[in-house]
Structures are given as C-alpha cells and as structure tokens.
Amino acid sequence: MKKYWTRSLASQMVVLLLLALVISHVVGFVIYRDERTQLLRGALKEEFLARTAAVTRLLDATPADLHGEILRAGGSGITRYWLTPETVEPQAWQDQALSHLMQALPARLRADQPAPLTDDQHPATNPYLAGSKLHPVSGASWEVLPAGAWPLGREAQLLQLNSWNGFGLAVPLSNGVWLNAVYAKPVLVPGSTYQTFISLGIAALLISAIAILMARWIARPLKDIAIAAERVGLGEEVSPVPECGPGDLRGTAEAFNRMQTRLRRFIEDRTRMLAAIGHDLRTPITSMRLRAEFVGDEDTRKKLISSLDEMQAMTEATLAFARDEATREETRNVDLAALLESLCADLAEMGWDVTFSNGEKIPYRCRPDSLRRAVRNLVENAVRYGERARVTLSTKNDTIEIMVEDDGKGIPEQEFERVFQPFVRLEESRNSATGGVGLGLSIARSIVRGHGGDIVLFNGSGLHAVVTLPRGGA
C-alpha cells in the first residue's frame with residue numbers, strides 16, 4: 001500500500017480529495033438528517049394538534065350518536081382517535097394506542113358504538129404500519145399542554161413517543177369524556193435514494209479529474225527541477241529551469257537556478273586556483289633544478305634532482321587534471337562496449353597484456369573521453385602492479401558494471417579507501433617510473449562519481465576494481 005500511495009502526487013491528491021468528499025457528505029447527511037427530522041417533527045406536531053383540535057370541536061358540536069363516524073373520518077393510516085370515560089396512565093394508554101394503530105380503519109362505526117372495534121370484531125391489520133415493530137415507550141409521562149400552546153383553548157395532556165416518531169394526546173370534551181389521539185410514523189425520513197449516489201459519483205469524477213490536472217500542473221515544474229538536479233549532480237551543463245507557475249514553485253525554480261550558478265562558480269574558482277598553483281610552481285622548481293646542477297656532491301645532487309623530478313611530475317599531473325576539469329566535455333550517447341573494446345585494443349597494441357570480454361551492445365549517455373580516461377587509469381594500475389588486466393562489461397538490474405582484474409597480490413583491505421586520496425602511493429620507492437604520482441585512482445573515481453557511479457576494490461585472485469554506473473546513463 002505504501003508503494004502505491006507514494007507513487008505519484010496525482011494519486012495522493014485524488015485519494016485525499018475523495019476522502020474529504022465522502023467525509024463531508026457523511027457529516028452533512030448526519031447534520032442535515034437531524035435538522036430535517038426536527039423540522040419535520042415540529043411540522044407534523046403542529047398538524048397533529050390542529051387536526052385533533054378540529055376533531056374535538058366537531059365532537060363537542062355534534063350529538064353522541066355521530067361520534068363514531070367522526071372518529072372514523074378523522075383517522076388516517078397513521079392516526080387514530082378513540083374515546084374513554086377518563087384519562088389513562090401512560091403505559092396502559094400506549095397499549096390501547098398500539099391496538100388501535102395495528103387495526104385497519106373500519107369502513108363504518110355505528111352511532112351507538114363510538115369506540116373502535118376490538119381485535120376479535122375486526123382482525124384486519126393496518127397496511128400503513130405492516131412490518132413496523134412498535135413497542136411501548138418505557139418511562140414516558142404525560143405533559144401538560146397549556147391552553148395557549150395549541151389551537152384549542154383548553155388544557156390537554158401530551159405524550160412524546162420518540163421511538164414511534166409520533167405523539168399522543170388526551171383532551172377532555174365538554175361532556176366529560178376524553179378524546180384520545182395517537183400519531184405514529186416509524187420511518188420519518190426516507191433513506192438515501194439512487195439520485196444521491198449518482199450525484200456523489202458525478203462529484204467524485206469531477207474532483208478526480210480536477211485533482212489529476214492540478215497534480216500534473218504542480219508536478220511538471222517539479223519534475224523539470226528533479227531532472228535538472230540529477231543532471232547537475234552528474235556533472236552536466238544544464239540550462240536554467242523555467243521560472244514559472246505559482247509563487248511557491250517559481251521560488252523553488254529560482255532557488256535551484258541560483259544554487260546551480262553558485263556551484264558552477266565555486267568549481268570554476270577552485271579549478272582556476274588549482275591551475276594557478278600548479279603553474280606558479282613550475283618557476284621555483286625549474287630554478288631549484290638549475291641550482292641543484294651546481295651541487296658538488298654527486299650523491300646529494302642526484303637525490304635533489306630526483307626529488308625535483310617528482311615535484312615536476314606532480315605539478316604536471318595537477319595541471320593536466322585542472323585543464324581537464326576546466327574543459328567541460330559535452331555529454332553524448334555512445335556504445336559503451338565499443339568504447340572499452342577500442343581502449344583495450346589501443347593498449348594491447350602498445351604491448352600491454354590487456355583483454356576485453358565483449359558484452360552486449362549498451363547505449364550509454366556519458367562524457368566518453370572522461371570515462372575512457374578513468375578506465376585507462378584502472379587498466380594502467382592493473383598492468384603496472386598485477387602484470388595484466390582483464391576488462392569485463394556486464395549489466396544488472398539498474399546498473400552497469402565494468403570490472404578490471406589483475407594477477408597481482410592485491411592490497412590490504414584497510415588501504416582500499418586511502419588509495420583513492422590524491423598523491424597517495426603504496427609503492428614505497430617513490431619512483432615515478434614505477435609508481436606514478438598517486439593521482440590515477442583519485443582522478444578515476446572523481447570521473448566515475450561525476451557520472452553518478454562509484455568505484456570499489458576487493459581482493460580475489462588479484463585486485464579487482466569494479467566501476468558501477470547507473471543504467472540510465474549520465
């Protein structure tokens with residue numbers, strides 16, 4: 001899940017926005033449902049009280065033999081009216097109300113029987129409440145309904161039946177008989193219809209499309225910056241990234257361009273300083289060499305000249321390195337196998353024992369002259385200290401490996417890192433003819449790291465130097 005979640009900005013924005021949409025709909029539905037329930041309950045209560053007040057006035061104004069027809073006419077599928085000689089305590093009243101609600105309205109009530117029929121007289125059930133499970137509300141009690149709180153100018157008793165989504169009412173008539181009324185509608189607010197899901201689906205599609213467009217709009221400049229940063233890290237010359245888009249992204253692009261300018265200036269200043277130091281050392285070395293020629297002691301003169309020759313070689317190597325750094329080679333696509341094969345063939349023609357195991361054709365974007373120099377330094381070390389060099393090219397999942405093997409005795413593991421430091425030599429004679437000046441491996445690793453790779457050493461049958469390059473090229 002983490003892999004898919006972190007794959008793209010668009011997927012994260014879509015998921016988060018859809019989650020926000022669902023949560024907002026659920027919260028809105030809960031709030032709206034509760035508010036709507038209260039409003040509907042209040043409206044239904046007013047209608048129930050008004051209707052009961054009208055039935056009460058009609059009963060007071062008509063003879064008792066018509067009360068049965070009035071009670072039948074006033075009832076409905078979810079409302080019932082009946083008469084009792086006195087008030088009834090809430091629990092017993094609810095039992096009576098359930099009995100009346102569960103019966104269908106009779107077609108006609110006799111004038112001399114105003115009360116609804118009993119179960120054995122009329123066993124039919126109420127189709128409006130079929131399947132509803134109404135149970136007496138425990139703990140309910142009568143509330144006094146003042147005369148001014150409802151349309152009839154006399155007190156009444158009100159019973160809140162919340163679990164029924166209804167009410168109960170008992171009001172005295174002018175003849176001392178009590179009129180009882182009950183209203184019950186278990187499903188007060190209908191559930192969500194298919195229109196709700198359709199509107200939710202359309203909103204989700206629109207939000208997803210907008211999120212994808214926004215993510216691409218935001219990610220495009222970020223992707224350009226990431227590509228440019230990768231190329232800068234690999235030592236390429238990169239033109240400034242476009243400074244466009246919202247303020248935050250524009251500021252990021254501006255900061256990246258400033259960083260690139262400062263890095264380039266820093267490298268150029270360092271390279272110029274290194275070249276200047278190497279160039280300025282030539283004059284005092286030449287002067288010291290001339291003076292050393294006049295030293296009378298031959299043994300001392302030879303040692304001085306040998307030391308000056310070594311200093312001269314180190315200075316020339318430093319200048320050559322500085323020149324290479326100052327001259328930035330263009331990056332281009334080459335066949336890496338052909339590049340290594342031509343290098344090994346050239347060295348073999350010079351009489352060196354160098355072989356190349358040809359691998360598959362590998363197109364690779366790099367600075368070919370620099371990479372050729374890095375591999376050449378490794379091959380020269382292998383031939384100088386291990387008699388021969390075997391170069392092998394292979395590919396793995398995301399990397400390309402160039403292995404240079406020799407038949408020497410190898411070097412101690414604790415020296416693996418130190419030999420890459422400038423001017424470090426494990427050859428104790430300090431003779432430039434046999435050990436160089438100690439810049440070969442340093443330059444090689446600098447070039448390879450400039451391509452996004454690295455060089456590691458390990459001992460096998462001889463010393464093995466493995467150049468690892470990213471498969472995508474520089």
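Glu298 and Lys302 are both located in helix H7, 4 residues apart, which is about one turn of the helix. In this predicted model, their side chains form a salt bridge, with an N to O distance of 3.4 Å. Glu298 is partly exposed at 43% relative accessibility, and Lys302 is exposed, with a relative accessible area of 53%. Helix H7, which spans residues 298–326, also contains Asp309. The relative accessible area of Asp309 is 35%, so this residue is partly exposed.

The whole structure contains 14 salt bridges. One of them joins the side chains of Arg390 and Asp407 at 2.9 Å, N to O. Arg390 belongs to strand S9, whereas Asp407 is in the loop between strand S10 and helix H10, so this pair ties together parts that are 17 residues apart in sequence. Arg390 is partly exposed at 26% relative accessible area, as is Asp407 at 32%. A further salt bridge links Arg418 to Glu415, with the closest N and O atoms 2.7 Å apart. Here Arg418 is partly exposed at 34%, whereas Glu415 is buried at 17%. Through shared partners, salt bridges join Asp353, Glu387, Arg388, Arg390 and Asp407 into one network.

Helix H8 consists of 14 residues, 336–349, and extends 20 Å from its first C-alpha to its last, close to the expected 20 Å. Its buried residues include Leu336, Leu340, Leu343 and Leu347. At the N-terminal end, Asp335 caps H8, with a side-chain oxygen 3.2 Å from the backbone nitrogen of Ala337. Gly351, which follows H8, has a positive phi near 95°.

Technical notes
Residues numbered from 1 in each chain as written. Predicted model: local features only at pLDDT ≥ 70, side-chain atom pairs only at ≥ 80, totals over all residues. Heavy atoms only, no water. Helix = DSSP H or I, 4+ residues; strand = E, 2+ residues; numbered from the N terminus. Expected span 1.5 Å × (residues − 1). Buried < 20%, exposed > 50% of the residue type's maximum accessible area, 1.4 Å probe, protein only. Polar contact = N/O pair within 3.5 Å; in protein donor to acceptor, adjacent residues only side chain to side chain. Salt bridge = Lys/Arg side-chain N within 4 Å of Asp/Glu carboxyl O.
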